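Welcome! Let's take a friendly walk through a protein model, a piece at a time. Have a look at it first, and then read on.

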Number of protein chains: 2
Amino acid sequence: MGNDLLILHGGGPTAVMNASLYGAVQAAKRSHLVDRILAAEGGSGGLLKGKLLDMRKVPDEELERLLYTPGSAIGTSRDALWEPEYEKIAQTLEELGIRWLLCNGGNGTMDTCGKIYEVCRRRGTELCVIGIPKTMDNDLAVTDHSPGFGSAARYMAGSVAELSADVQSLPIHIVVLEAMGRNAGWVTAASALAEDSGVPGPDLIYLPEVNFDEEAFLADVQSLIDRKGCGIVVASEGLHGADGNPIVKPVFQVGRSTYFGDVSAHLAQLITQKLGYKARAEKPGLLGRASAAWQSATDREEAALAGQLAVQAALEGQTGKMVAFRRLSTTPYKIQPELVDIHEVMMHERKMPPEFLNDAGNGVTEAFKDWCRPLLGGPLPQLASRNHWQAQL
Amino acid sequence: MGNDLLILHGGGPTAVMNASLYGAVQAAKRSHLVDRILAAEGGSGGLLKGKLLDMRKVPDEELERLLYTPGSAIGTSRDALWEPEYEKIAQTLEELGIRWLLCNGGNGTMDTCGKIYEVCRRRGTELCVIGIPKTMDNDLAVTDHSPGFGSAARYMAGSVAELSADVQSLPIHIVVLEAMGRNAGWVTAASALAEDSGVPGPDLIYLPEVNFDEEAFLADVQSLIDRKGCGIVVASEGLHGADGNPIVKPVFQVGRSTYFGDVSAHLAQLITQKLGYKARAEKPGLLGRASAAWQSATDREEAALAGQLAVQAALEGQTGKMVAFRRLSTTPYKIQPELVDIHEVMMHERKMPPEFLNDAGNGVTEAFKDWCRPLLGGPLPQLASRNHWQAQL
């Protein structure tokens, strides 16, 4: 048994996953207990292949850049592991002499994290396993929110505000913007905060928590056209009907992955074909989880804190836990970091609660906006708008 | 004849159209010659309906925000005008007592600007007409570049760099990103500068200046997959075959506008169906012309300068001219503003010259990057990358 620490990333990256890496590496460097600070290159698959990085060799300048670099600089993976691979991972960790393991990821990774913990306990491996929460989708259970979400939310609110300034100036169409988050609508919902920029926010928001009804959608849009002649619709990539099937058809299958058509293109076509009105579809896609330009300062700081606290917990001998955030107060915004049992988190998907959805099923409530606002990490830029001027001749 | 000035916006907005408005309004406010500073609300259609804004009533705080607000705060239009409407516009300008008219726009607007100038000359209207260049597409002739392009270029380069950091960390697919610019590839090409962030730039770039060849495209992508297993393709929305037809089919028609399917979705499907490899399609669309977060400081300053110089030229009695930028030097970057005859600009579309396109037809040259770089308005953020570390164990 050495005194080495290993960091492992899993799942899709976010705008602040590297900020957690920064927090963990810096905390480990400050401790006298830790010898090697290692990272698995490319997630669990990299670990199994013995692809390791020595994080003490990373230049200081590059470490500082981690705070503002989207993605996962040590790589990550989407490999679903088979039972025997957990044994193999435990064995590899033993051979490497790893004493502390930090797993940064979402639902799938916390499941991996919990299973590694169990296998190690069964084998009698002396290993402390701590999870660092990460998901742009915000679908991790138990914690108030997860690092990665605040930046995706800021991207969505800020981009929709900019789009709104554009649409206001040339009000000739409905723009349908597609947001990521297949099963949970948190990111899609965050677009509502665009209005904090001083321009109109999205006119209609469709979340996967609400069964999509084509007739109701077309009635909503017709009413919007009658009222304003233009507008912005934000829709989740995961919209589905009452039967649970996606509203877009699967386009093709590669391996275990099914590819669907774009929800935004589908909805824009519906508007044009059924209502005879101009509609554009936009889909920033991965840009929404990878934006450092719209990174939330609060998100970045909490991500770094989560990495740091995970190291501290592991060094104290804690294991089978994930760092979580409990919200003590919204105004002023106060959170309390805590450790939660990894089993409470594993594979529990967290969706938006009913009190955050409006009655019409096409928007969010003030309660959601109040909850979400502090996660954006400071006010959005204020945009000029002739609605503020009273300058008509 | 009064001493009033009128500002008119035409065509699709950009990230700095309001910065030109700011420059023009501030220059007019500083002059003792100008009485009313008016703006047509919603472009030429607004002018014909007598919808005017008194820009002296705009609060200072809002004026300052114009520098950082995308879109057109006074509105704009895409109305194609009929011959009799030019007479009507001239008559309206006479009735209003407008002495100076500034038209901010692209090819179509400069055509309008030139025609108003001609009608007024024929009628003997004493009016000075000056054009302010604006186009995210950079397809205006005579000038080295136009306000609006630098910010769209910075958005594209910066966003692709962030996307690259994401794709590097989870190298499981080809991402096809679609860029605006139907006939000219300047914005698409600017994605090449993503590499200035210290991460790999786009692997393949397809421009509308090159006839699209599906077989060559699939061979390019197969070779990319063989070499790297993942990568980024940037494609113009306006790709067409040797026959001049768009590579995507028209999906529907509304009025005079034809709507095409998305080029990015089409190319991603080709990759998946013909090569059996995972591919995602992203299309930020209007976000690329409306991004204040990626606004180029150089673009903003030049846009404001163009507005200011247009006012100065008009007040000096110049007419039938457009403000243009001549490049004196690239390193260091130096431009010389000048006035060009509006007839030289009208409806001449400027495409990328052959020396900016690579021989293989799937990328750009160093000469293009050198030309484009200073327009981004300062270095892109430097991103961390394990390619810089040499930290393998």
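## Cysteines

A disulfide is a pair of cysteine sulfur atoms within 2.5 Å. B:Cys128, for instance, is in no disulfide, and the nearest cysteine sulfur, that of B:Cys120, is 10 Å away.

B:Cys128 counts as buried because its relative accessible area is 13%, where buried means under 20% relative accessible area, exposed over 50% and partly exposed in between (1.4 Å probe, protein chains only). B:Cys372 is buried too, at 0% relative accessibility.

## About the model

This is a predicted model, in which local features need pLDDT of at least 70 and side-chain atom pairs count only at pLDDT 80 or more, while totals for chains, interfaces and linings use all residues. Residues are numbered from 1 along each chain as its sequence is written, chains are lettered from A and ligands numbered from 1 in the order in which they are written, and side-chain values use heavy atoms, with hydrogens and water left out.

## A sheet in chain B

Helices (H or I, at least four residues) and strands (E, at least two) are DSSP runs, numbered from the N terminus. In chain B, seven strands form an open sheet with mixed pairing, in the order S3-S2-S1-S4-S5-S12-S13; two strands pair if DSSP finds at least two bridges between them. Strand S3 (52-54) and strand S13 (334-341) of chain B each have a single partner strand, so one side of each is left without a neighbour in the sheet.

How do S4 and S5 of chain B pair? They run in the parallel sense, over six bridges. B:Leu101 stands opposite B:Val129 in S5(B).

## Two helices in chain A

Helix H8 (residues 214-228) and helix H9 (residues 263-275) of chain A have axes that come within 11 Å and cross at roughly 70°. Axes are lines fitted to C-alpha atoms, for helices over the stretch in contact, and angles run from 0 to 180 degrees between N-to-C directions. H8(A) is therefore roughly perpendicular to H9(A), a label for angles of 65 to 115 degrees.

## A buried methionine

A:Met352 lies in the loop between helix H11 (342-345) and helix H12 (366-372) of chain A. Why does A:Met352 count as buried? Because its relative accessibility is 5%. Not counting residues up to four places away in sequence, A:Met352 touches several residues, including A:Trp186, A:Leu207 and A:Phe368; contact means heavy atoms within 4.5 Å.

Key: Angles under 35 degrees count as roughly parallel, over 145 as roughly antiparallel, 65 to 115 as roughly perpendicular and the rest as oblique.
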